[in-house]
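Reader: I would like to go through some local features of this model. Please give cut-offs as the terms come up.

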Amino acid sequence: MEKSTETAVVQLWGGVECTVNRVQDRYCQQLLKSGHIDRVADLNRFAQLGLRKIRYPLLWETNAPNGVQDADWTWADERFGRLRELNLEPIAGLVHHGSGPSHTSLLDSSFAPGLASFARACAERYPWITDYTPINEPLTTARFSGLYGIWYPHHRSSASFVRALVNETRATVLAMKEIRAVNPRARLIQTEDVGTVTSARRLSYQAAFENERRWLSLDLLCGRVDPDHPLYDFMCKGASEAELAFFCENPCPPDVIGVNYYVTSDRFLDHNLGAYPASMHGGNGRDAYVDIEAVRTPTGINGHANQLRATWQRYRLPLAITEVHLDCHREEQLRWLDEAWQAANLVKSEGATVEAVTVWSLLGAYDWNSLCTKDEKHYESGPFDVRSGQPRPTAVARAIESLSDTGTFSHPTMRGQGWWRRTKTRILNESGNQGRSGCFEAAPKRFLHLLNEDPLAAQQLLLIVSDGGPLSRSLIRACEDRELEHSLSSPGELQRISQELNIRLTSGMRPWAVVHAAHAQASATAAFATAHNLPFLTFFTDLVTQGEPHLSFDESHLFAFSDEATVAKLGEEALVQQVCPHALLVRSGPLFGATTQENAFAQALSLWKQSTVVVAPDDVFVAPAFTLDVAHVALDLLIDEEQGVWHFTHQDPVSWLQVMQMWAALHGVDDSLVRAAVGTKAYSFAALHVGSALTSKHGHVLPSLQSAFARHAREVAEPAAILSQRKARSS
């Protein structure tokens, strides 16, 4: 990140994902999923980042579910007391995508006075809190709850959307009135997602409507929704004229408008239904169309700077970016944060009042891929990764510390463009999918530099020692997908490269890390990395943990086996750790993927093609891994500067029988061709080894095995489908 053009850069804030949303009668609580509910020590971690403020939950549903008179302030007292000791100013959030306690809802007349009563109690208990967000993203919540039926109370009409929005906005006005009666200095930090909508020409009327609708919550607070407002008649579908007049008579403009902006915030409306799967089709009653992410179309995204400019031009009120988060690979998270930081400081330098950039989801977030409607444990890491049970700082945390201290941050992997800026990686492919595994499709192969042609031709490359095997190929592809500049070498070239490095280091030409993805000579590469003080990553298999077939082992176990091959592998591991104490060693179970060679998976497919039964044991447990997942996660950890032994697992260990059953189902094989066999000697194919399953003290760092198998299936099917479509068109 380059230093801002202004000396006085914007502040850096943080936020904890604290959604409490309701689906039917089930509540989803992010604080429970992240474990923060039981970890007050997390606040110390946040304070050490150098944040000026933190968006923090003081939620109505959890603190006073049965009314203010029965409120339990124990948790809040401890947390807000600790924040005060740490001098980390809170922005108290009272409702975060929720609909209030179970006795009310967004459509209930009791919602607004109920929240106001709770807000008064909060202000009286914590009179020193200055900043409040009574309701996070009220318009977004009203859409999801009243228009789309995704969240409780699951209505789907314009009238219900308006009713929910009016209730939420009235609740905000009344809540701030009660808070300011206790603390006249209290500020309203009102957050909203104000993404832009574009469309095909035929749907321009719908895009124009939605672009005006996105401002409604802020317009109501500012007292602008009068009979001259372009959406006044629309608002009258669910609110009376007297209710709308209330906002004009009691304006409550935000002290800071919080702009929440995601890579998917901007939308594109397309009536060309044939270009998309039927599951994406929708409409407005007049036209049928698809509502997709603009980032997946040639239109692209509007960007942080333009969103800030549009908000400033409309309201001329102080601004902040109040959520910056991206569910993607680590360097993409850094690039997204960089883009937001640069945009905020740029718009500030242009004359707008921009207070801060907020790094959201400090502890990551769960199940937002399904809008929190399912409990599938889909995790998106943030500055901290909580999958081990204890927050682990990632490279994003280091970026925050640097930005807080100096206003700048840089990392070699940030030199490429974010995927949302790369045309060939962000646009929907011909099958209507959003790309291959990871966040996007494969990028052009223009960042592959062969050392034997132009040794270390660019600065700060990732040096990959490769033997051309499946894992090597997956690493190369992962780098291409992620626009990570890299160089290839074979183990035998290291001595020459080392000599060249010694010559070039004085001029700043050097790799930023070394990856060994070859079957042999890992210790030699480790010694090379140590000699040049470079981060080092290498891979081993679960065979080094060979033991009882029904047991599983994490990284803390010590192993001593008499098997000659296992002893050799363990000896190589030990030697790597001896010559390179800072090495990152990844162990994974049997690999599968588009580059799968002759192993259990390939042999099973070969047998099934001959209608031969595969006999697999149900008492031998393994942790299979998708090769591309292993490559991506390993690169993330390398960027995080992690060290030591890491076991890569998709989930809890499964038996070989379960694995083969899933593999058969994936490939449309009749389940009668998979049979259980008890006992480790009852194998029908040699490649099925006896391996003890891996578990990890770091948690499950890979996506689920079901997800991995499904993505593998798409990897195989998509090229054939695209080729078939092209042939059909040409004929």
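Reader: Is E483 buried or exposed, and what is its relative accessible area?

Author: This is a predicted model, where local features need pLDDT of at least 70, side-chain atom pairs count only at pLDDT 80 or more, and totals for chains, interfaces and linings use all residues. Residues are numbered from 1 along each chain as its sequence is written, and side-chain values use heavy atoms, with hydrogens and water left out. Buried means under 20% relative accessible area, exposed over 50%, and partly exposed in between, with a 1.4 Å probe and protein chains only. E483 therefore counts as buried, its relative accessible area being 5%.

Reader: Where does E483 lie, and what is its phi?

Author: E483 is in the loop between α16 (470-481) and β21 (486-489); helices (H or I, at least four residues) and strands (E, at least two) are DSSP runs, numbered from the N terminus. Most residues other than glycine have a negative phi. E483 is not a glycine, yet its phi is positive, near 55°.

Reader: Which peptide bond is cis, the one joining Y152 and which residue?

Author: Most peptide bonds are trans. Here omega is about 10° for the bond in question. The cis bond joins Y152 to P153.

Reader: Which charged residue sits over the ring of Y152?

Author: A charge sits over a ring if NZ of Lys or CZ of Arg is within 6 Å of the ring centre and within 35 degrees of the ring normal. The charged end in this case is 3.6 Å from the centre of the Y152 ring. The residue is R22.

Reader: Why is the pair of F592 and F626 classed as stacked?

Author: Rings of Phe, Tyr and Trp (its six-membered ring) pair if their centres lie within 6.5 Å; planes under 30 degrees apart count as stacked, over 60 as edge-to-face and the rest as tilted. F592 is in strand β26 (residues 591-592) and F626 in strand β29 (residues 625-626), 34 residues apart. Their centres are 5.6 Å apart, and the pair is stacked because the planes are at 10°.

Reader: At what angle do the axes of α7 and α11 cross?

Author: Axes are lines fitted to C-alpha atoms, for helices over the stretch in contact, and angles run from 0 to 180 degrees between N-to-C directions. The axes of α7 (residues 158-182) and α11 (residues 241-249) come within 11 Å. They cross at roughly 35°.
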